[in-house]
Amino acid sequence: VITNTDTCYSAADQQKYFLMASPLLDPDPAPLCCCEYHNRDGERSHLLALCCDCEALDLAVDRMVSGREVKSGAVGEIIDVIEERMRFPWRHGAVKFPLGKVAPMIMLPSMLWLATLHPYLVVFTFLLLMPAVFLIAVRTVIRHRPQTQFFLFWSYTSTAYLFYVYQVKCVGLFWDLPKVISWWENLVLVAGAAVSLGLYRKMRETRKRRNSEGKMCRICQQQVVGKDHHCVWLDMCIGSSNKRIFLLFLTSTIMTATHLALLLTSAACPGQLIGPVLLPQLCWPDKENDRLLLVVGLYSGLVAGLLALLLGEQVTRRIRRGAGTGAALAM
């Protein structure tokens, strides 16, 4: 019996109080079926109730239709509801669907497949669809979910999908195609990818080191000495401890992605041979496999170009900072 100065509870009241104070515990002793789960309020829910009782979403749609601004808190609540209800059946209860990790695995291959259907869809995918997806992700997901791994898994998916298309659809690692890439081209590309992977792993190791000084990052919740920026594509802060490795990683990845883009596009649309390098020509292949090689090659070239811009910005900033420090010492 639980007692205080003026109250005495029986055993039945204790059990009732314990269940009320523990919302995650379900008073119903029946086990969950594969499609049931406990929601945030501790109540049993079902996958079929996915679109039921969406008050936050209804209010947001009403405000959008009426031309009023959707409140920031409502957007965060909508994201909470989506993350809570997106589940897949599993033994002893439905399991949450990790949207931030799974969405890139679905979206990137789907977008690249869409681009293979028509030349106009290539322009639409690379100039409109992908930028729109990233803009929405930056303005909503990062704002309300700073610790999201959407961009990190987009990087993982890009790496895995590019490697798959190259090795299976171009090199012919398995039974579907004969080899069309020379051994030395393949060796150079694999070596570049290995160097980038090694530099990335080294940066991950520096991330584990705890510092009691430096600037606090609101995303990774760590103090970073000499913080430059937080790279969402690598899910880590870039500071004085890993800045040089980061620049080497960018250089290696740019060279590897450029080489891959050249190999894939020239395999799909072979053009002029200049020394040992086969340049691509402007074409739209008839075969579906060649169209996939062309689109993925263009995507690899786009990645290389964006990384080159980032590297140029980092190097320029470093040169300006060094020039400013030199001028200050001279004075």
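**Entry 1: the model**
I am working with a predicted model. I kept that in mind for every entry below.

**Entry 2: helix 5**
I looked up helix 5 and found that it covers residues 119-144. It has 26 residues. I checked its reach from the first C-alpha to the last and got 36 Å. That is close to the 38 Å expected at 1.5 Å a residue.

Next I asked where helix 5 bends. The bend is at Thr125, and its angle is about 45°. Thr125 is also one of the buried residues of helix 5. Val122, Phe126 and Met130 are among the others on that list. Further along the helix I noted Val133, Ala137, Ile142 and His144, which are buried as well.

I traced Val123 back to helix 5. Its relative accessible area is 45%.

**Entry 3: helix 8**
Helix 8 runs over residues 243-268. I compared its span with expectation. Its 26 residues should span 38 Å at 1.5 Å a residue. The end C-alpha atoms are 37 Å apart, so the two values agree.

How many of the residues of helix 8 are buried? I found 19 of the 26. Helix 8 is therefore largely enclosed by the rest of the structure.

**Entry 4: Asp235**
I looked up Asp235 in the loop between strand 7 (229-231) and strand 8 (236-238). Its phi is positive, about 55°, although Asp235 is not a glycine. I marked this because most residues other than glycine have a negative phi. Is Asp235 buried or exposed? Asp235 is buried, because its relative accessible area is 10% and the limit for buried is under 20%.

**Entry 5: strands 9 and 10**
Last, I followed strand 9 (residues 270-274) and strand 10 (residues 277-280). They pair in the antiparallel sense, over three bridges. Pro270 has Pro280 in strand 10 as its bridge partner. Leu273 stands opposite Leu278, also in strand 10.

The two strands form a hairpin with two residues between them. In the turn I found Gly275, with a positive phi of about 65°.

Technical notes. Residues are numbered from 1 along each chain as its sequence is written. This is a predicted model: local features need pLDDT of at least 70, side-chain atom pairs count only at pLDDT 80 or more; totals for chains, interfaces and linings use all residues. Side-chain values use heavy atoms; hydrogens and water are left out. Helices (H or I, at least four residues) and strands (E, at least two) are DSSP runs, numbered from the N terminus. The expected span of a helix is 1.5 Å times one less than its number of residues. The bend at a residue is the angle between axes fitted to the seven residues ending there and the seven starting there. Buried means under 20% relative accessible area, exposed over 50%, partly exposed in between (1.4 Å probe, protein chains only). Two strands pair if DSSP finds at least two bridges between them.
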